[in-house]
There are 2 protein chains.
Amino acid sequence: MSFQLDQFLPYQLSVAAAEISRRFAARYAAEAGISIPEWRVLAHLGHSGAVSVRDITQRVHLDKSVVSRAASRLQEVGYVAKSDHGEDRRLIVLQLTPQGEDLMRRLSAVADKFQDELRALLGKDAAAFENGLARLLAGADG
Amino acid sequence: MSFQLDQFLPYQLSVAAAEISRRFAARYAAEAGISIPEWRVLAHLGHSGAVSVRDITQRVHLDKSVVSRAASRLQEVGYVAKSDHGEDRRLIVLQLTPQGEDLMRRLSAVADKFQDELRALLGKDAAAFENGLARLLAGADG
DNA sequence: GCAGATTCGTTGTGCTTGCAACGTATACTG
DNA sequence: CAGTATACGTTGCAAGCACAACGAATCTGC
């Protein structure tokens with residue numbers, strides 16, 4: 001039979017993503033003791049400033065329950081502050097504490113370094129690869 | 001702050017892989033009512049012929065417990081047969097039943113079609129993209 | 001040839017995820 | 001300005017996964 005799983009694009013993509021996520025997660029777990037969802041929430045807050053749980057949910061591709069629990073834990077350990085939204089009291093405003101900002105500075109460096117390593121691994125295909133990834137992401141929305 | 005999660009390669013890779021897996025899984029779930037691990041086991045058996053659980057575990061990047069349970073379910077529904085290995089009685093020999101082979105022929109067509117769609121989406125970057133993916137997979141082993 | 005280490009597949013367990021339900025708050029609609 | 005619908009964040013719950021432990025079988029070294 002001719003079908004070969006290990007030459008099948010969705011399979012390769014899935015395995016590569018899992019392995020790379022795992023390796024990167026090990027680095028920021030070592031640096032900060034945080035999980036993947038927590039990393040994503042932190043990273044988004046670092047860039048966006050003060051936003052609601054809903055904003056994060058929409059942008060980081062995580063279920064709102066996952067964001068809610070990640071935010072709670074990040075608050076417990078002091079990286080994130082929760083406060084009320086003045087006008088709409090359904091909303092909760094999340095933002096980094098000074099410690100959170102400090103951590104994100106360190107994690108940014110870790111992330112940039114990791115990305116550089118990946119680009120080096122990709123070599124001359126790096127640009128086309130990222131281009132293709134963007135196309136997949138755009139096309140997968142529909 | 002400068003770090004942008006949505007331009008971070010591991011994040012993009014993870015989101016793209018998750019979304020594509022989800023969409024492809026919906027297709028073979030509709031065709032055959034199987035899960036992702038079951039699809040992988042079937043696909044590997046279709047290509048490899050009769051092999052042990054251990055062989056599959058090593059090649060499809062799934063934990064042995066996941067392969068074991070997937071194989072049991074596939075046996076229950078009649079796509080896979082288990083038999084003893086003559087020389088080493090620790091091993092279990094898995095292979096597709098005639099119905100399993102039949103199913104894999106249909107699933108191969110579904111998979112090929114899906115992959116063609118992805119390649120179309122990638123356009124001129126397709127070759128470089130797959131090349132890059134191969135490099136990531138090779139580099140991620142170490 | 002036998003005691004300990006290793007390998008195979010299965011099964012048990014804690015944890016995370018994804019979905020649904022809920023309470024509260026705001027937005028619509030007549 | 002009621003009464004209903006919708007949105008927000010939290011919590012409960014079932015399903016799936018990774019990891020560890022296990023019994024059975026084989027290998028290893030003495």
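Predicted model: local features only at pLDDT ≥ 70, side-chain atom pairs only at ≥ 80, totals over all residues.

Modeller: Residues are numbered from 1 along each chain as its sequence is written, chains are lettered from A and ligands numbered from 1 in the order in which they are written, and side-chain values use heavy atoms, with hydrogens and water left out.

Colleague: In what order do the three strands of the open sheet in chain B stand?

Modeller: Helices (H or I, at least four residues) and strands (E, at least two) are DSSP runs, numbered from the N terminus. Two strands pair if DSSP finds at least two bridges between them. The pairing in this open sheet is antiparallel, and the order is 1-3-2.

Colleague: Which strands of chain B stand at the edges?

Modeller: A strand at the edge has a single partner strand, so one side of it is left without a neighbour in the sheet. This applies to strand 1 (51-52) and strand 2 (80-84) of chain B.

Colleague: Which helix of chain B packs on the sheet and touches strand 1, strand 2 and strand 3?

Modeller: Contact means heavy atoms within 4.5 Å. Axes are lines fitted to C-alpha atoms, for helices over the stretch in contact, and angles run from 0 to 180 degrees between N-to-C directions. The helix in question makes about 90° with the direction of strand 3 of chain B, and it is helix 2 (residues 36-48).

Colleague: What angle does helix 4 of chain B make with strand 2 of chain B?

Modeller: Helix 4 (residues 64-76) also packs on the sheet, where it touches strand 2 and strand 3 of chain B. Its direction and that of strand 2 make an angle of about 110°.

Colleague: Which helix gives the most to the surface near DNA strand D?

Modeller: A residue is near a molecule or strand if one of its heavy atoms lies within 4 Å of it. Among the 20 residues around DNA strand D, those that come nearest include A:Arg54 and B:Arg89. With four residues, the helix that gives the most is helix 4 of chain A.

Colleague: How far is the backbone N or O atom of B:Arg89 from a phosphate oxygen of DNA strand D?

Modeller: A polar contact is a pair of N or O atoms within 3.5 Å; within protein, one must be able to donate a hydrogen and the other to accept it, and residues adjacent in sequence count only if both atoms are side-chain atoms. A polar side-chain atom of B:Ser65 lies 3.0 Å from a base nitrogen of DNA strand D. For B:Arg89 and the phosphate oxygen, the distance is 2.9 Å.

Colleague: Which residue of chain B has a side-chain N or O atom 2.5 Å from a phosphate oxygen of DNA strand C?

Modeller: DNA strand C is surrounded by 19 residues, and helix 4 of chain B supplies the largest share of the surface near it, four residues. The distance of 2.5 Å belongs to B:Ser68.

Colleague: Is B:Thr97 buried or exposed?

Modeller: Buried means under 20% relative accessible area, exposed over 50%, and partly exposed in between (1.4 Å probe, protein chains only). B:Thr97 lies in the loop between strand 3 (92-96) and helix 5 (98-122) of chain B, and a polar atom of its side chain is 2.6 Å from the backbone oxygen of B:Gly78. Its relative accessible area is 12%, so B:Thr97 is buried.

Colleague: What is the phi of A:His61?

Modeller: A:His61 lies in the loop between helix 3 and helix 4 of chain A, and with a relative accessible area of 49% it is partly exposed. A:His61 is not a glycine, yet its phi is positive, at about 55°.
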